[in-house]
Amino acid sequence: MANDLVQPEKFFLNRFGMNESAFERILGSALERKADYADLYFEHRSAEGLGLEESMVNHTSKSVAHGVGVRVCAEDRTGYAYSDEVTIDRMRMAAEAARAIADQRSGAIAPVAVGNRVARHELYALESTPLEIPLEERARLLRQIDEMARAADPRIRNVMASFAAERKLVMVVTSEGRIAADIQPLCRLNVSVIADDGKSRQAGSFGGGGRVEWKYFFENDRWREYVRHAVHQALINLDAVDAPAGEMVVVLGNGWPGILLHEAIGHGLEGDFNRKGVSAFSGRIGQRVASELCTVVDDGTIANRRGSLNVDDEGTPTSRTVLIENGVLRGYLQDRMNARLMKMAPTGNGRRESFAHSPMPRMTNTFMLAGEATPEEIIKSVKRGLYAVSFGGGQVDITNGKFVFSASEAYLIEDGQVTRPVKGATLIGDGPDVLTRVSMVGDDLALDSGIGTCGKDGQSVPVGVGLPTIRIDGITVGGTRA
Amino acid sequence: MTQVDRSLAEWALDEARRAGASAAEALCVSAESLAAGVRLGEVEKLKSSRERRIGLRVFVGQASATAATAEFDRDGLREFIAHTVTMARLAAADPAAGLPDPALHPKEFPDLELADSTRGMVRADEALDLARRAERAALGADPRIRNSEGAEFDSGRYEIFFANSNGFAGGYAGTSFSLGAAPIAQDENGAMQQGFWHTASRHFRNLEEPEAVGATAAKRALRRLGARKIKTTRAPVVFDPDMAASLLRSVAGAASGPSLYKGASFLLNKLGERIAAPNVTIHDDGTLKGMLGSKPFDGDGLLTSRKALVKDGVLATYLLDTYSARKLKLASTGNAARGVGDAPTASSTNLYLEPGSSTPEQIIRSVKRGLYVTELIGFGVNAVTGDYSRGAGGLWIEDGELAYPVQEITIAGNLREMFQAIEMIGDDLRWRAAVVSPTIKISEMTIAGE
């Protein structure tokens, strides 16, 4: 296995008895009709999870999944077939199913010649992944988390902690001859607690991780920070008052509140929606969609991040794409098919959940660049508003541009001071409009701790977000206090 | 396939015992599916799949581990099973863990007609044709329907075989068919709205006609055109059936065993108490023939059941699997659900609100000024506290009439109060999904807008 770690490509060739001429035959068969492009996606994923409840590490699980997906693209049509049996026969059957998308017989088929190895980034060449750490050591950390959280405050009544780690080997072989392979480690530590003061009960949670080694959780006292955040959130919410309802000034804290960008901007700039003209951002490149304080990028090349990849799931190296520059819309996120149809360059954003899925344009790490205000100046500038520092999930309606994201830790701002905690509330806004209302951008850009998962068309992929503290001059807060 | 899976499952149970497990379960799932999509009349995608996986749970005394793999080579699988047993040894002994009492396993179980015996998998050309018909009906409905996110027909078939070391063994097959369309309407200012409608069933003949699916989707897109924001207010809120069903899902989640024993539910210690208005009765029934949420036995190998979750406003039962039932010192309700590689959890089967006597029109007419909700987005439901705040869209009601579309607003309250405030229940229950509801009216919620 050690050698396979160095050369993921060899892993697939050895394990499934494949070779380049087999790829060429299958891809040739996939292109037998009038198709533009075909690719094979091989995946082998192993994962382990540990869970603690009621002070016991009583949940342990493991899984191994492998398979191959065959895709055929003809103009804007996609044929896809996959199998968890990785054999030449199965792949040939899948190629026949996938090519049904291309209906006319083609004249001469250019022979496929495979062998052009894609140079990939080296963003997470780990010495070892957490999967190699003894299970007992992983279990011990969960028990330490439980002890620390319970000791932190007598009102903490229950603690749930989990650690999940996976290692994914992927290889993409395309009809253009490219081969790209990668090893993608990923892990996540999660802490959630329930606090009860006899009058009310509240949950708090925090977590993090990325494409990192086990020692990451011990650097800078990181796992203890996770516990402190989760406990703080639950206790703060015990005293929360009803959230206000209506449009008001909102200050978003740095880091994870960057989910705003993901929902309000990111999805609407994915190439597929814009090629089809169904996004509220369709046809708006070059137009002003944000205040000039705002520059937003999507960057898949940041080392060890949850949303980063050496190559995307079509074998394109990831990149840094400027989406909004000083308020002006600059670019879309592209996979190969949509880039080709829109006559743009692929941006390395073609991603898929697994071999069971066809790739689509997806985000990687999406964030706003830092400005010049200090967070204190921003808070002080607000007479009455909401300061939201942590969020649950969000969602967007691509076509009308309306998006929501739900605060899980928020406070009132009164006369320039952060005062009482308020209950969670959903914030709703309009994607092409919300960033035009950004009047201050902080100097404290932070990326999230590594917990984001994005869902689109039934496919989940890990992503990251980031934000400096910002002030938005009006967004609707969905509290109960009208 | 089931015969193959039976011998594989039994072999895996033997291997687990040989590796040192004191008890074990094996779950074999094989599935095939086809998805066919068209957009603007042209084929857009065809996706076909075949999958087979085996899931295991092994016990060493009161300690357990779960595992799943697509590896079927017997040597590889033997090693995998042995490693799973090693993991179980490292887990903590949990007094509530273990297989159900063997006496509770059924000797036989009913045929719930989960598979359509008249139809196999729908072929690609027929699936594309059905999708095309739905989209054509949507595009032809009105000149303001100017674009489309397409229409898709899905066909699936699966087989499940489940066995445990106490001698329970059972299997069943199921089918599913669905058709959805997503046309886009555009007004004279260029503003766009999507409409979506879909039909799903285990039996092909129960699907809505493709033309009806397309026409409904178009109507839903068109009625959103010109939507505006409204001023923040408190007012009655009428939930259309699909939106009302989302409220039932929240209640079922809070009434499920795992949420309760973790203390993460606003329904904790509420068994036998009034949690809703007296006109509210919610049933959970896994035994209905041919329904999407039906199954002959649950994820623990126990019979599914029919019961009232809420009876005349009183919380009558929790939804429990064997493990959470033991934690709560209660008996399983046959609601164990499990993924191939996961430990069982509890969830509803077919969940529905008993219909009332008002037509949806009568409900709308009863509102002087309020909101008719047809869209909800976001995840703003706090299961621990019941606090509720979600993005909403729909139609504003003035003097009992649907007056104009609204968007970019939220509705907020607390589920405890919202269920107590269910003032009217419609007669329009339709079996569109595993969780269904008629139209309901909640007497007042906070609506946030401008």
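Leaving aside its neighbours within four places in sequence, which residues is A:Thr318 in contact with? They are A:His121, A:Leu123, A:Gly300, A:Thr301, A:Leu309, A:Asn310, A:Val311, A:Asp312, A:Thr347 and A:Gly348, where contact means heavy atoms within 4.5 Å.

Before going on, keep in mind that this is a predicted model, where local features need pLDDT of at least 70, side-chain atom pairs count only at pLDDT 80 or more, and totals for chains, interfaces and linings use all residues. Residues are numbered from 1 along each chain as its sequence is written, chains are lettered from A and ligands numbered from 1 in the order in which they are written, and side-chain values use heavy atoms, with hydrogens and water left out.

**Chain B as a whole**
- You'll find 9 helices and 20 strands in chain B; helices (H or I, at least four residues) and strands (E, at least two) are DSSP runs, numbered from the N terminus.
- Chain B has a radius of gyration of 24 Å, close to the 22 Å of the globule rule for 450 residues, so it is as compact as a globular protein of that length. The radius is taken over C-alpha atoms, and the rule is 2.2 Å times the number of residues to the power 0.38.
- Along the principal axes, the C-alpha atoms of chain B fill a box of roughly 70 × 55 × 35 Å.
- Buried residues make up 60% of the 450 in chain B; buried means under 20% relative accessible area, exposed over 50%, and partly exposed in between (1.4 Å probe, protein chains only).

**Where the chains meet**
- In this pairing, 71 residues of chain A are in contact with 73 residues of chain B.
- About 5700 Å² is buried between chain A and chain B, with carbon and sulfur atoms giving 52% of it. That buried area is the accessible area (1.4 Å probe) that two parts lose on being put together, summed over both.
- A:Lys62, A:Tyr82 and A:Arg201 supply 12% of the area that chain A buries against chain B, more than any other three residues.

**Spots to look at in chain A**
- A:Thr318 sits in the loop between strand 9 (296-299) and strand 10 (320-325), and is buried at a relative accessible area of 3%.
- A:Asn304 lies in the loop between strand 9 and strand 10 too, but is partly exposed at 31%. Its phi is near 65°, a positive value in a residue other than glycine.
- Helix 7 (residues 259-266) is mostly covered, with 8 of its 8 residues buried.

**A loop in chain B**
- B:Asp399 is in the loop between strand 16 (387-398) and strand 17 (401-414), and counts as exposed at 53% relative accessibility.
- Phi of B:Asp399 is near 50°, a positive value in a residue other than glycine.
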